[in-house]
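Trainee: I would like a close look at a single part of this structure. Please take me through it step by step.

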Amino acid sequence: MCSDATDSSPRIGNTLPMTPPEPFPTDWTRGLVLVAHPDDPEYGMSAAVARWTAEGRHIVYVLASSGEAGIEGMPPSIAGPVREEEQRRSSAIVGVEEVEFLGFPDSRIVNDSELRDAIADSLRRHRPDIVISLYSGPEWAPGAPNQSDHMEFGAAVGATYDDLVAAVGVDAAEGRPRMWFESAPQPTHYVDVEGFVEPAVAALAEHKEYLSVLDPGTPVPEQARRQVESVCAPREDVAGDRPVVSFRRMRP
Ligand SMILES: [Zn+2]
């Protein structure tokens, strides 16, 4: 199994797709959300998760870190447990009961063999049909750089995914996710989240301690609503002008 020049699947850094995004696949039941930090699933992705769990799909969250470096003025030993608890409450709102923290150091995540082994272990244990992770490219938009943790972690997810496919083969039914998506700009797919924006707003608002320190001047529910409604804004070209969450297919 090696990639070749005819492989047209989207890759990080590709140019904008020429066609509007298509509806997200529905032929799957188990999804694994792999992200670097608490709150990473809550900026839009969780609206799609709320829909998926309402449809009876099983979603698990695995987070590389506990976000312990993310609350200014709070020691990591206190912030870590606070953020884990906020993440668990947040996840429960969108129907996710299984939330795991891998214990990698917040703000110092690197794509090394230890991280890739931990991701591979998650894939083997949860046996997802699809993997969803956070955007790993360099910029969300011109002048809006991505965080190093997100980029390193996303690269590790891709490398682990490819290793697993190489190890078990594309046709193996066992232990190999069939698709990998990032919640990303330049989308290839979208999920219509009409009716699921409110749970996503509530899920983000559960990160109370984190958000209240991040922006002390704006009430947490207001911050959450502004963020989620902006990420899930309707697109004119898809879903009949209903709110959508966008994803980019990274591997078939
Ligand atoms: Zn993050």
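Is strand β5 largely enclosed by the rest of the structure or exposed, and why?

Mentor: First, the ground rules. This is a predicted model, where local features need pLDDT of at least 70, side-chain atom pairs count only at pLDDT 80 or more, and totals for chains, interfaces and linings use all residues. Residues are numbered from 1 along each chain as its sequence is written.

Now β5. Strands are DSSP runs (E, at least two residues) and helices are too (H or I, at least four), numbered from the N terminus. Five of the five residues of β5 are buried, so the strand is largely enclosed by the rest of the structure. Buried means that 20 or more other C-beta atoms, placed from the backbone, lie within 10 Å of the residue's own.

Look at the two faces. In a regular strand the side chains alternate between the two faces of the sheet. Ile130, Ile132 and Leu134 of β5 lie on one side, and Val131 and Ser133 on the other; both faces are covered.

Next, the strand partners. Two strands pair if DSSP finds at least two bridges between them. β2 and β5 pair in the parallel sense over four bridges. Here Val33 has Ile132 of β5 as its bridge partner. β8 also runs parallel to β5, joined by five bridges. Here Val131 is bridged to Trp180 of β8.

Finally, helix α4. Its buried residues pack against β5 (130-134), and also against β2 (30-35), α3 (113-126), β8 (179-183) and β10 (244-251). Among those buried residues of α4 are Met151, Phe153, Val157 and Tyr161.

Conventions: Buried ≥ 20, exposed ≤ 12 C-beta atoms within 10 Å, placed from the backbone. Contact = placed C-beta atoms within 7 Å.
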